[in-house]
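I opened my notebook and went through this one piece by piece. Here is what I was looking at.

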Amino acid sequence: MSDKDSSTAKSYLDSAIAQGQSALGSLTGSTGDKAEASARKDQAASEKEGSHSVGKLGPLNVSPSGGVSSDDPNRTEGSWNQTLGSAKESVGGLVGSESIKKEGAQQNAEGKGQEAQGQLSDFGSGVSDRVKGAVGGMAAGVTGDREKEEEMRMKHDDAKTKQRSAEADIQKQADA
């Protein structure tokens with residue numbers, strides 16, 4: 001990754017540096033150090049947010065670093081089953097049919113489980129492939145194989161996108 005890319009590790013480093021500058025500014029009374037610390041802290045927060053952002057269009061995910069991934073089919077199918085289940089529950093309630101309502105509730109619950117299974121699969125494969133991409137990229141860098149290094153960087157970025165997308169969906173459900 002280039003220095004311009006957002007990175008969680010870089011955001012933590014910048015945040016720690018900002019804390020040090022802020023403490024130095026407080027000790028010395030330097031408003032310049034305090035202002036620089038504040039700016040670095042804002043930059044760190046922006047970097048962290050950027051490293052976790054993912055654009056989503058249906059089952060496709062894109063990150064600011066250029067990573068692209070597609071959702072595990074269970075995520076999409078599970079979401080669809082939840083939608084159909086909710087619709088059946090509503091129709092069952094409207095027409096007074098407990099069996100349709102119950103069938104809808106069951107399909108909705110099964111869809112939630114199916115979607116969670118897909119999210120866990122994407123999260124796990126994202127973490128695993130990120131590690132493989134990072135290690136492969138380092139090995140290629142050591143051997144001087146720039147083509148393989150770029151391939152491994154792309155593998156890392158795509159896997160990061162898959163992982164962050166799953167994390168975002170899991171967090172949305174936890175917040176709901």
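My entries follow, from the whole chain down to single residues.

**Ground rules.** This is a predicted model, so I noted that local features need pLDDT of at least 70, that side-chain atom pairs count only at pLDDT 80 or more, and that totals for chains, interfaces and linings use all residues. Residues are numbered from 1 along each chain as its sequence is written, and side-chain values use heavy atoms, with hydrogens and water left out.

**Whole chain.** I found five helices and three strands in the protein chain. Helices (H or I, at least four residues) and strands (E, at least two) are DSSP runs, numbered from the N terminus. Starting at the N terminus, I read the order as α-α-β-β-β-α-α-α. Then I looked up burial: 29% of the 176 residues count as buried. Buried means under 20% relative accessible area, exposed means over 50%, and partly exposed is in between (1.4 Å probe, protein chains only). I also checked contacts, meaning heavy atoms within 4.5 Å. Among those between residues at least 6 apart in sequence, 61% join residues at least 24 apart.

**Helix α3.** This helix covers residues 73-95, which is 23 residues. From first C-alpha to last it reaches 33 Å, close to the 33 Å expected at 1.5 Å a residue. The expected span is 1.5 Å times one less than the number of residues. Just past α3, G96 has a positive phi of about 75°. Which residues of α3 are buried? I noted R75, G78, Q82, G85 and G92. Their cover includes β1 (55-57), α4 (98-143) and α5 (146-175).

**α3 against α4.** I looked at how these two helices cross: their axes come within 7 Å, at roughly 165°. Axes are lines fitted to C-alpha atoms, for helices over the stretch in contact, and angles run from 0 to 180 degrees between N-to-C directions. So α3 and α4 are roughly antiparallel; angles over 145 degrees count as that, under 35 as roughly parallel, 65 to 115 as roughly perpendicular and the rest as oblique.

**Helix α5.** Why do I say the length of α5 agrees with expectation? Because its 30 residues should span 44 Å at 1.5 Å a residue, and its end C-alpha atoms are 43 Å apart. Its buried residues include M152, H156, K160, Q163 and S165.

**R153.** I found R153 in α5, and it counts as partly exposed because its relative accessibility is 25%. Its side chain makes a polar contact with the side chain of D157 (2.4 Å). A polar contact is a pair of N or O atoms within 3.5 Å; within protein, one must be able to donate a hydrogen and the other to accept it, and residues adjacent in sequence count only if both atoms are side-chain atoms.

**N61.** Buried or exposed? N61, in strand β2 (residues 60-62), is buried because its relative accessibility is 0%. The N61 side chain makes a polar contact with that of S165 (3.0 Å). Beyond four places in sequence, the contacts of N61 include V54, K56, V68, D71 and T161.

**G66.** I found G66 in the loop between β2 and β3 (68-70). G66 is partly exposed, at 48% relative accessible area.
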